[in-house]
Amino acid sequence: MQVFGLVGNPVGHSLSPPMHEAAYDALGIDARYVTFEPAVDDIGRAIDGADALGVTGLNVTIPFKQRVLDLVDPDPLAARIGAVNTVDFTGERPRGYNTDAAGVTRSFAHHDVPLDGRDAVVVGAGGAGRAVAFALADSGCDVHIANRTAEKAAELADAVGGASAGGLDTLDRVRDADVLVNATSVGMESDESPVPREVLHPALAVLDAVYSPVETRLLREAAEAGATTIDGAWMLLFQGVEAFERWTGEDAPVDAMNGALRARLS
Ligand code: ATR
């Protein structure tokens, strides 16, 4: 039996176990996906221990994504983003990936939204914002980053290269944009939106990284404005799909994984 899992603290309500186990069931893979919650200072021992015990793969979440970067061989994208969310133990040395970026691009691809040459606005410049900004820039978008703390947006734009940045007062740029991604926590378990509804329009495709609730206020107002909407469960799904494919080398059973996820989200 193969063992996969998620390392984080806390990991209590993670949707990754049912999502990945649905994939193993669909493809007849003898595997389990379990959650691990090491003490914050024990992450180095946890990664070494997983390697020694023959764990096949781990996902990594808050607060360990940055620290794991130094504990594994990161691929170039994970190194640029500065965070690892997926570790593959099958090689000589543990290898680190960032599948959050693929979660973004595959969500747009799944909804037939082209990214190459498009104008994109990213709201947020934290951990999620970094993965989103690199993903969109690498897909050929012209990226603008708007963040409550404008300096953090400027730093991220510098790291990405060729992106512009500003405070939330620059969200007017959404009026002329093709793509908008919310990478802040605004709207999580609250009926708030980080983007004024007046700037939303029908030619826009909006992805909200928040998936609880699935229909955030931003997505509701975007739909009312006639925009294409993509909820955060797609991003969660496709980062998992990408991790599954890295670990197994097989095409993921996307519908089975999506079904397991949606069944657990309201
Ligand atoms: P994550 O890893 O989920 O991105 P994070 O690194 O703490 O979490 O980043 C949270 C993001 O949400 C940041 O962009 C943050 O803005 P600041 O950099 O100014 O802190 C943004 N954010 C959180 N609460 C916000 C609020 N009430 N209004 C606007 N932006 C907010």
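This briefing covers the ligand site and the domain layout of the structure above. The model is predicted: local features need pLDDT of at least 70, side-chain atom pairs count only at pLDDT 80 or more, and totals for chains, interfaces and linings use all residues. Residues are numbered from 1 along each chain as its sequence is written, and side-chain values use heavy atoms, with hydrogens and water left out.

**Ligand shell**
- The ligand is surrounded by 13 residues, each with a heavy atom within 4 Å of it.
- Ala128, Asn147, Arg148, Thr149 and Lys152 are the closest.
- By class, the shell holds four nonpolar, seven polar and two charged residues; Gly counts as polar, Ala as nonpolar, and Lys and Arg as charged.

**Polar contacts** (N or O atom pairs within 3.5 Å)
- The side chain of Asn147 places an N or O atom 2.7 Å from a ligand oxygen.
- Arg148 has a polar side-chain atom 2.9 Å from an oxygen of the ligand.
- Gly127 uses a polar backbone atom, 3.1 Å from a ligand oxygen.
- Of the 640 Å² of accessible area (Shrake-Rupley, 1.4 Å probe) that the ligand has on its own, the protein covers 65%.

**Domains**
- Domain 1 spans 2-98 + 234-265, and domain 2 spans 101-230; such bounds come from an automatic or database assignment.
- Their centres, taken over C-alpha atoms, are 25 Å apart.
- Domain 1 gives 15 residues to the contact and domain 2 gives 18, with contact meaning heavy atoms within 4.5 Å.

Terms used: Polar contact = N/O pair within 3.5 Å; in protein donor to acceptor, adjacent residues only side chain to side chain.
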